Amino acid sequence: MKIKFLILFLSTLLIENAHAQHTDVINSNRPGESMSAFAVGKSVIQLESGMSLLNERHKYLDYKANGYSLDFNVRYGFLKEQIEAILEVNYQNDNYTSNNITTKRTGVKSSTLGLKYLVYDPFKYYEEKINVYSWKANHKFNWRQFIPAVGVYGGMNLNFSSNPFISNEESLNNISPKAMLITQNIFGVGYVFVTNIYLDKIGTNFQSLEYIITLTKGINDKWSAFVENKGIKSDLYADAIFRGGAAYLINSNIQIDASFSKNYKGTPSLTYGGIGISWRSDTKYKDVMIRAKKKDEKKKDKSKKGKEKEKVKKRLDEVEVTKP
């Protein structure tokens with residue numbers, strides 16, 4: 001899960017030589033829905049999939065839907081360490097009952113293809129100073145934790161004309177843009193806070209402003225847990241969905257997870273419970289070394305003031321030598 005990736009990521013970046021985006025253990029966006037600011041690493045391919053049982057009811061329109069959904073996401077790092085391509089597909093199969101008539105619905109409910117780019121990493125060239133004489137100095141409050149890593153995402157919703165889960169009007173929009181701002185902070189010991197703010201289906205009659213906030217905690221080397229809130233606001237629909245769950249790291253490249261989701265209202269009432277798995281292949285990954293600027297600057301770069309002092313001293317020495 002995100003927390004495992006971030007703890008190791010932070011620990012490696014705080015030394016002189018550090019890897020860029022790739023980590024020792026898998027960096028999965030599951031089981032939450034939020035997207036982390038960091039990429040998987042150049043030439044790394046990652047698959048994230050899950051299955052959920054669902055129950056939807058509307059107390060005024062008097063309909064209900066029961067069934068299951070399958071999520072399948074592919075993440076691939078290419079060109080640069082900070083870039084990854086993401087394909088997200090959601091398939092749903094349910095029985096929809098309204099006015100005592102039950103209809104079988106099945107098909108791809110949503111499909112999105114996009115790119116994510118890490119714009120800013122506050123720990124990229126940061127080297128934490130360690131005071132060997134003071135435990136208190138090394139454990140004092142660090143304001144730097146409030147500086148987030150920042151990523152951006154741009155994608156396209158790919159709508160299939162045979163989609164039974166949307167209206168006929170919405171099905172006319174075969175392609176619609178999606179844009180997202182991502183921030184990510186590490187707080188205290190093992191807490192990671194991620195925010196996603198995005199516009200979906202931009203330029204259509206179904207455009208929405210949405211957010212996802214996720215707080216993740218690493219329990220130990222294998223287990224992590226999270227809580228999450230997703231908000232949706234549009235002219236046609238508004239909702240707030242709460243989610244919680246846990247993930248277990250089987251090995252450095254495989255993670256399993258479980259989660260439960262529930263919204264707060266009955267128009268409609270949404271209940272989801274699911275399990276999932278994430279798998280990574282990094283056999284083609286090559287280490288990218290980042291050297292901290294501070295030590296390089298000490299060896300190679302000198303200030304203008306320092307250079308001027310050296311020139312003046314050299315001239316004075318030459319004058320002393322030439323004196324009779």
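How many aromatic pairs does the count come to? The count comes to five aromatic pairs, where rings of Phe, Tyr and Trp (its six-membered ring) pair if their centres lie within 6.5 Å. This is a predicted model, in which local features need pLDDT of at least 70 and side-chain atom pairs count only at pLDDT 80 or more, while totals for chains, interfaces and linings use all residues. Residues are numbered from 1 along each chain as its sequence is written, and side-chain values use heavy atoms, with hydrogens and water left out.

**View 1. The ring pair of tyrosine 76 and phenylalanine 78.** The two ring centres are 6.3 Å apart and the planes meet at 5°, so this pair is stacked (planes under 30 degrees apart count as stacked, over 60 as edge-to-face and the rest as tilted). Tyrosine 76 is partly exposed at 38% relative accessible area, and phenylalanine 78 is partly exposed at 24% (buried means under 20%, exposed over 50%, and partly exposed in between, with a 1.4 Å probe and protein chains only).

**View 2. The ring pair of tryptophan 223 and tyrosine 248.** With centres 4.9 Å apart and planes at 50°, this pair is tilted. Tryptophan 223 belongs to strand E10 (residues 223-234) and tyrosine 248 to strand E11 (residues 238-251), so that the pair links distant parts of the chain, 25 residues apart, strands being DSSP runs (E, at least two residues) numbered from the N terminus.

**View 3. A cluster of rings.** Phe146, Phe187 and Phe193 are linked into a cluster by ring pairs.

Notes:
Helices (H or I, at least four residues) and strands (E, at least two) are DSSP runs, numbered from the N terminus.
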